[in-house]
Amino acid sequence: MRNQAPDEARVIPLRPAATPARTDAPAATPRQQRPALAPQARPAREPQAPAPAREPLWRDLVGDVLRRERLAQERTLKDVAEAARISMPYLSELERGRKEASSEVLAAAAHALGLGLGDLLSLVHGELTRRTRTTRATTATTTTATPTVSPYNGLCLAA
């Protein structure tokens, strides 16, 4: 028994069939035979508003003040760490803002530098105020013409 279907298979080509080359025209290269793909339209980029300024982290401020005080006294990490009875690598991490120190460790580091804990916190508060004023002034000038005033007038609470 014989199937009545034609012997030819139905084939859908993935690429267009190559046209027979004419003898008077140069042969087409494979690149020229491919259909050109339409470039995908990219959405237009909207201008982005500047990112809001980040407030500094407490541990960064404490570390900056500790390092500044130590360098002002021309003392080494080893000297201050021994006086505070904390390890030198830990003091280094505190100064770089990598670790959050307990109040006991902060008091020990402050006393090793000849400061009280209140003195250290006061210096950190001054640094925080200075940095946030600079940040607010920069943000205020870029967004509005009126400066932002803090409702706390420099009051800082520390835990």
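How many helices and strands does the secondary structure of the chain come to? It comes to six helices and zero strands. Helices (H or I, at least four residues) and strands (E, at least two) are DSSP runs, numbered from the N terminus.

This is a predicted model, in which local features need pLDDT of at least 70 and side-chain atom pairs count only at pLDDT 80 or more, while totals for chains, interfaces and linings use all residues. Residues are numbered from 1 along each chain as its sequence is written, and side-chain values use heavy atoms, with hydrogens and water left out.

**View 1. The whole chain.** Along the sequence the pattern reads α-α-α-α-α-α. Of the 159 residues, 20% are buried (under 20% relative accessible area; over 50% is exposed, partly exposed in between; 1.4 Å probe, protein chains only). Among contacts (heavy atoms within 4.5 Å) with a separation of 6 or more, 58% join residues 24 or more positions apart. The accessible surface is about 13300 Å² (Shrake-Rupley method, 1.4 Å probe), and carbon and sulfur atoms hold 55% of that surface.

**View 2. Helix α2, residues 58-72.** Buried residues of α2 are Leu61, Val62, Gly63, Val65, Leu66, Glu69 and Arg70. After α2 comes Glu74, with a positive phi near 55°.

**View 3. α2 against α4.** The two helices pack at about 115°, their axes 7 Å apart. Axes are lines fitted to C-alpha atoms, for helices over the stretch in contact, and angles run from 0 to 180 degrees between N-to-C directions. From α2, Arg59, Gly63, Asp64, Leu66, Arg67 and Arg70 meet Ser92, Leu94 and Glu95 of α4. By class, this contact holds two nonpolar, two polar and five charged residues. Ala, Val, Leu, Ile, Met, Phe, Trp, Tyr, Cys and Pro count as nonpolar, Asp, Glu, Lys and Arg as charged, and the others, Gly among them, as polar.

**View 4. α3 against α4.** Helix α3 (residues 77-84) packs on α4 at about 105°, with the axes 9 Å apart. That makes α3 roughly perpendicular to α4 (65 to 115 degrees). Leu77, Lys78, Val80 and Ala81 of α3 touch Met88, Leu91, Ser92 and Glu95 of α4. Five nonpolar, one polar and two charged residues form this contact.

**View 5. Ser92.** Ser92 sits in α4, residues 88-95. Its relative accessible area is 16%, so Ser92 is buried. Beyond neighbours within four places in sequence, Ser92 contacts Arg67 and Leu77.

Note on methods: Parallel < 35°, antiparallel > 145°, perpendicular 65-115°, else oblique. Expected span 1.5 Å × (residues − 1).
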